[in-house]
Amino acid sequence: MKIAITVGHSILKNGNCTSAGGYVQEYKYCKELATLIANYLKQEKHTVDVVVCPERQFNKAYEEKAYKLSKVNKRGYDLLVELHLNAFNGSAKGTEVLYYSDRGKPYAQRVNDKLDDIFIDRGIKKRTDLYILRDTDCPAILVEAFFCDNKEDYQKADEAHEKDLIARKIAEGILNKNLDIQNKKYKNCILYGNDIDKVGAEIISWSKDDCIVKNVKDHIAWEGTNLFVIGGPAKQELDKMNTKEKYTSIAGSDRYDTIKNCLKFVGK
């Protein structure tokens, strides 16, 4: 499958965040959750793009609509998953998943059925007034994982998120299968962004044991204990992914200079 994961809301030019807040900020939490879900889906060999509105670029919240629709429509996605957290009065709690079309409904039901293992079940709901469901050209669901202003929900989420449990439950609902969480972790992971930088990545791998070399677009966060990023394009892509991993960057003034620096690195 080709899947788009979109994060609800943004931070405006004036610094205001358009999302809800509470025990945790909706926008910040969902950005982190998106990366974790993408990791699980990529492990199952699916193509995943995470779409996050740029920060401090928009003047008004309504500008988020045009940005996100331009990133997802006519891109051939099989499914779009928008991430949100609910908020109301501090007392409301639970999980719910929204959908628009009959094509999206089965995904909504399966994701909801997984998340209600953690949170109170509020069920799935058809919504015709939300652009991310109505105006996208592929099946779409909107996940309201829990209420960020409810202490009980937050405590459950805090514990589950530390274990990546919420992300795994959403991925399992999307794919309609239970996932094996015993994933291989390598001592060294080397990322590249194009064919020439791949040569540099292979050079670095000569001096590393228990190593995996892969395109940065296929990267799974925390797959390697030691992370090496070869070339400027890979570094830019990894920084956009916002995985919070520490890494060693090896780059040069051009692609060939990058290879020279990789040879120097191996020779140290």
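Analyst: Arg56 is exposed, because its relative accessible area is 52%; exposed means over 50%, buried means under 20%, and partly exposed lies in between, with a 1.4 Å probe and protein chains only. The model is a predicted one, in which local features need pLDDT of at least 70 and side-chain atom pairs count only at pLDDT 80 or more, while totals for chains, interfaces and linings use all residues. Residues are numbered from 1 along each chain as its sequence is written, and side-chain values use heavy atoms, with hydrogens and water left out.

Arg56 lies in the loop between S2 and helix H2 (63-72). Helices (H or I, at least four residues) and strands (E, at least two) are DSSP runs, numbered from the N terminus. The phi of Arg56 is positive, near 60°, and Arg56 is not a glycine. Most residues other than glycine have a negative phi.

In H2, the buried residues are Glu64, Lys68, Leu69 and Val72. They fall within an arc of 115° when seen down the axis of H2, so they line one face of the helix; the arc is that of the directions from the helix axis to the C-beta atoms. As background, an α-helix has 3.6 residues a turn, so residues three or four places apart point the same way. The buried residues of H2 pack against strand S1 (2-7), S2, strand S3 (79-86) and helix H4 (131-134), where contact means heavy atoms within 4.5 Å. H2 is followed by Lys74, which has a positive phi near 65°.

Tyr99 has Lys126 in S5 as its bridge partner.

A pair of aromatic rings is described by the distance of the centres and the angle of the planes. Rings of Phe, Tyr and Trp (its six-membered ring) pair if their centres lie within 6.5 Å; planes under 30 degrees apart count as stacked, over 60 as edge-to-face and the rest as tilted. By this rule there are five aromatic pairs. One of them is stacked: Phe119 and Phe146, at 5.4 Å centre to centre with 20° between the planes. This pair links distant parts of the chain, 27 residues apart, with Phe119 in the loop between helix H3 (105-115) and strand S5 (121-126) and Phe146 in strand S6 (residues 140-147). Both Phe119 and Phe146 are buried. Together with Tyr29, Phe119 and Phe146 form one aromatic cluster. A ring can also sit under a charge: the charged end of Lys2 sits over the ring of Tyr77, 5.0 Å from its centre. This applies if NZ of Lys or CZ of Arg is within 6 Å of the ring centre and within 35 degrees of the ring normal.

Asn176 lies in the loop between helix H6 (165-175) and S7, and has a positive phi of about 60° although it is not a glycine. Asn176 counts as exposed, at 54% relative accessibility.

H8 (residues 232-241) is another helix with a buried face: Ala234, Leu238 and Met241 are buried. Seen down the axis of H8, these residues fall within an arc of 55°, so they line one face of the helix. Gln236 and Lys240, on the other side of H8, are exposed. The buried residues of H8 pack against helix H1 (26-43), strand S7 (186-192) and strand S9 (224-230). After H8 comes Asn242, whose phi is positive, near 55°.

Notes
Two strands pair if DSSP finds at least two bridges between them.
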